[in-house]
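Please keep the sequence and the structure at hand while reading.

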Amino acid sequence: MQIRPLSHHAITERAICCDICDHAMLLPTLQKNQKANCPHCHHTVRVGNLWSLKRCSILALSILILMPFAFSFPLLNIQLLGTPIYTSIWSGIWKMATEGYPYSAFLILVCAIVMPISFILIIILLQICYLFKINAKILLLSLNYIKSWVMLDVYLISLGVAAFKVREYASISFTPYLIPFILVTFLTILLFTKTSPKQFWDNFYPPSFTKCEHLRYCTTCGLSFPATQAIEHFCPRCHATTTVDTNLILQRTWSTLIAGAIMLLPANLLPISVVYVNGVPTADTLMSGVLTFIEMGNYSIAAIVFIASIFVPISKIMIMLYLLGCIHFRHGKNIHLQMKLFAIVHFVGRWSMLDLFVLSLMMSLVTRGQLISFSVGPAAIYFGLAVVLTMISAEVFDTRLLWKNYTNDSEHQ
């Protein structure tokens, strides 16, 4: 259902602003099978089928119980020269860190272990805070930034890619502990779809007004409030600044995007992995790794690696350059195309971490003796930094600047 623009005579339960285009509207009470779309940009601003915090915390507790089995126990098993070799998420990270690649290992540790555990713990702690009426602003602020960096689904795909790469050297099999990891991954995805930081903010600190003509929106906690309630341009709920500093937003976006583009050059030109067979090294860049899969006949895996490691990072930079150009040159047309492009950037950016996850698994599996060994190449850290910087660039970008150009163009026509 679409919600109506704010008017003098409308009566509703609550007035809000769209977090994408900053359009003021009236939000009715939603049923479980309903969702509310902004009448201006058609973005879904609220859904009615979100779970209660109690229900989310029960699921989070179940995930937390499964996590030690998913993260610590072996997921893959290979027979290399008659010796069984096992690898887990933690063993791959530890192997990479102890063999001279601590920065790449740290990025994998954060995205594959630290952030998933932090996300689950925050959901559980929020329920505890709600029961005992404890101030939860720090937890809610942390939840806003953590969700984008939970990459268990990306790691699950990387297991399949690593299995195809390793089977060239040895027979491979999956262990029973893969089941807990798959359960953790899918239950975490389910928790993502049934939770919203804005919902939790409203549970702990509900808005104290129903309607207003002049609203201001807080991008940190999602509160829409009367401009008269702002204290020196700060949100009355989370105390974050609500002033849209266009220059600061553009500077942050440009700086992280340019840095990510610079990191992408050595990431594509330098070797990202080196395999030693009988002491003879074979170095692979991102592109040569894709070509290797094609030569082996694994076209689907080649397509996954090419899209995640080459096409997506370059496309993200090109799309962000286009969106920034639209702002600087005040191009307000094709606004819905711009929103679709930005949504694509937000969705696919995290999947570029797949290559780093595959490298950590390969380091743990194929590093035995002088006959066959595997090493991470110098491009790994540059590739990881490029992914992180471009993700930050998309996070700090404010789509309201695009809609401001669109509104100005519409007014002049």
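## Residues with positive phi

In this predicted model, N334 counts as partly exposed, at 47% relative accessibility. The loop between α10 (299–328) and α11 (335–348) holds N334. The phi angle of N334 is near 55 degrees, a positive value in a residue other than glycine.

Most residues other than glycine have a negative phi. H239 is a further residue with a positive phi, of about 65 degrees, although it is not a glycine. H239 is placed in the loop between β9 (224–226) and α8 (246–269). With a relative accessibility of 51%, H239 counts as exposed, because the cut-off for that class is over 50%.

## The chain as a whole

The secondary structure of the protein chain consists of 14 helices and 13 strands. Its radius of gyration is 24 Å, close to the 22 Å that the globule rule gives for 413 residues, so the chain is as compact as a globular protein of that length. Along the principal axes, the C-alpha atoms fill a box of roughly 80 × 50 × 35 Å.

Of the 413 residues in the protein chain, 50% are buried. The accessible surface of the chain comes to about 19,500 Å², and carbon and sulfur atoms account for 65% of that surface. When contacts between residues at least 6 apart in sequence are considered, 69% of them join residues at least 24 apart.

## Surroundings of R400 and I20

R400 belongs to helix α14, which spans residues 400–412. The relative accessible area of R400 is 11%, and this residue is therefore buried, the limit being under 20%. Not counting residues up to four places away in sequence, R400 touches D19, I20, C21, D22, Y217, T219 and V244.

One of these partners, I20, lies in the loop between β1 (14–17) and β2 (24–27). I20 also counts as buried, at 17% relative accessibility. Apart from its neighbours within four places in sequence, I20 is in contact with C41, H43, M339, T399, R400 and W403. The C-alpha atoms of I20 and C38 are 9.1 Å apart in space, and the two residues are 18 apart in sequence.

Rolling a probe the size of a water molecule over the atoms shows where empty space is left. How many cavities of 30 Å³ or more does a search of the whole structure find? The search finds 1 such cavity. The largest cavity holds about 120 Å³ of space. It is lined by 14 residues, and those closest to its centre are K165, I272, G289, V305 and D355.

The elements that each give two or more residues to this lining are α5 (152–166), α9 (286–295) and α12 (354–365). Which of the elements supplies the largest share of the lining? That share comes from α12, with 4 residues. Sorted by class, the lining of the largest cavity has 8 nonpolar, 3 polar and 3 charged residues.

Methods:
Residues numbered from 1 in each chain as written. Predicted model: local features only at pLDDT ≥ 70, side-chain atom pairs only at ≥ 80, totals over all residues. Heavy atoms only, no water. Buried < 20%, exposed > 50% of the residue type's maximum accessible area, 1.4 Å probe, protein only. Contact = heavy atoms within 4.5 Å. 1 Å grid on protein atoms, 1.4 Å probe; cavity = no way out; pocket = protein on both sides within 12 Å on 5 of 7 lines; lining within 4 Å. Points joined across faces, edges and corners; volume = space filled by probe spheres on them. Nonpolar A, V, L, I, M, F, W, Y, C, P; charged D, E, K, R; others polar. Rg over C-alpha atoms; globule rule 2.2 N^0.38 Å. Areas by Shrake-Rupley, 256 points an atom, 1.4 Å probe, with all protein chains shown as cover.
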